[in-house]
Each structure stands twice: as structure tokens, then as C-alpha cells.
Amino acid sequence: MRPLIIIAGLLLVLSGCSTYGTLLEENQSNILKISPGLTKKEVVEIMGTREATIKSTHVSNPYKRDFFSLDNDEYEILYYLTRRYPSFTAVKESQATPIVIKNGKVIGIGAEALKRVKGGK
């Protein structure tokens, strides 16, 4: 009975890893479909809202969201995981690709777009 428990546990760990890998692959592919002018709703439809399991931790899609106002504009940054993290480390923001949304529409994708916006903050 004990070997079955070990095998079942191993399968759960491995399935979590493949789920994470699939999430990264899908995000890498889908982010190429995002362009300036799309609405937040369109971004979420393209990128999806699935979750992955990494070492018994659930990671959502998007991985993280930031909100801020600048002048009279409302910004939302959606971070999607696109790069694998090193083993035995926590998931970090640097492994995600930010999508910058201003007043409900995409204005940029990636770290440079985020720097341009936050430079004025």
C-alpha cells in the first residue's frame, strides 16, 4: 500500500509541474496576440484565467495586478508569467511580462512599457 501512496504523490507533483509548464507556454503564445488598443476584457479573454500549481502553491493568471492613478488617468498592470523560475525559489515578478492598461485599453507590453509609465509616476 505504501508504494501506491508514494506513486500517487509523485504523480500529483509531476502533474503540477506540467500544468505550470503549460501555463507558461500558453502565456508566451497568447501574449503575442496582445496589441495596443485592446480592451482589458479582450486581454483577459485572450490570456485566460486558468491556474497552475507549483510545489503545492496555486498561481493565478494573471499572476499579479497593480493599480495606480496618474494625473487624470487610471492604470492597471496585469503581470502574466512567461519565464520559468529556478528550482527551489519563489516565483518573482521578473518572470512575468506586464501588460500596461490605461483607462481600460492596452498601451504597452513588457518591462520597457512599464518603465515609461512608471517613470512619470
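I took rings of Phe, Tyr and Trp (its six-membered ring) as paired if their centres lie within 6.5 Å, with planes under 30 degrees apart counted as stacked, over 60 as edge-to-face and the rest as tilted. The ring centres of Phe 68 and Tyr 75 are 4.9 Å apart and their planes lie at 10°, so I recorded the pair as stacked.

The model is predicted: local features need pLDDT of at least 70 and side-chain atom pairs pLDDT 80 or more, whereas totals for chains, interfaces and linings use all residues. Residues are numbered from 1 along each chain as its sequence is written, and side-chain values use heavy atoms, with hydrogens and water left out.

I next looked up accessibility (buried under 20% relative accessible area, exposed over 50%, partly exposed in between; 1.4 Å probe, protein chains only). Phe 68 is buried at 8%, and Tyr 75 is buried at 9%.

I then examined strands E3 (residues 64–70) and E4 (residues 73–81), which pair in the antiparallel sense over 7 bridges; pairing requires at least two DSSP bridges, and strands are DSSP runs (E, at least two residues), numbered from the N terminus. Arg 65 has Leu 78 in E4 as its bridge partner. In the hairpin, with 2 residues between the strands, Asp 71 takes a positive phi near 55°.

Finally, I turned to Lys 40, which is partly exposed at 28% relative accessibility. Its C-alpha atom is 5.7 Å from that of Gly 104, 64 residues apart along the chain. Contacts of Lys 40 (heavy atoms within 4.5 Å) include Arg 65 and Ile 101.

Conventions:
Helices (H or I, at least four residues) and strands (E, at least two) are DSSP runs, numbered from the N terminus. Lists of a residue's contacts leave out its neighbours within four places in sequence.
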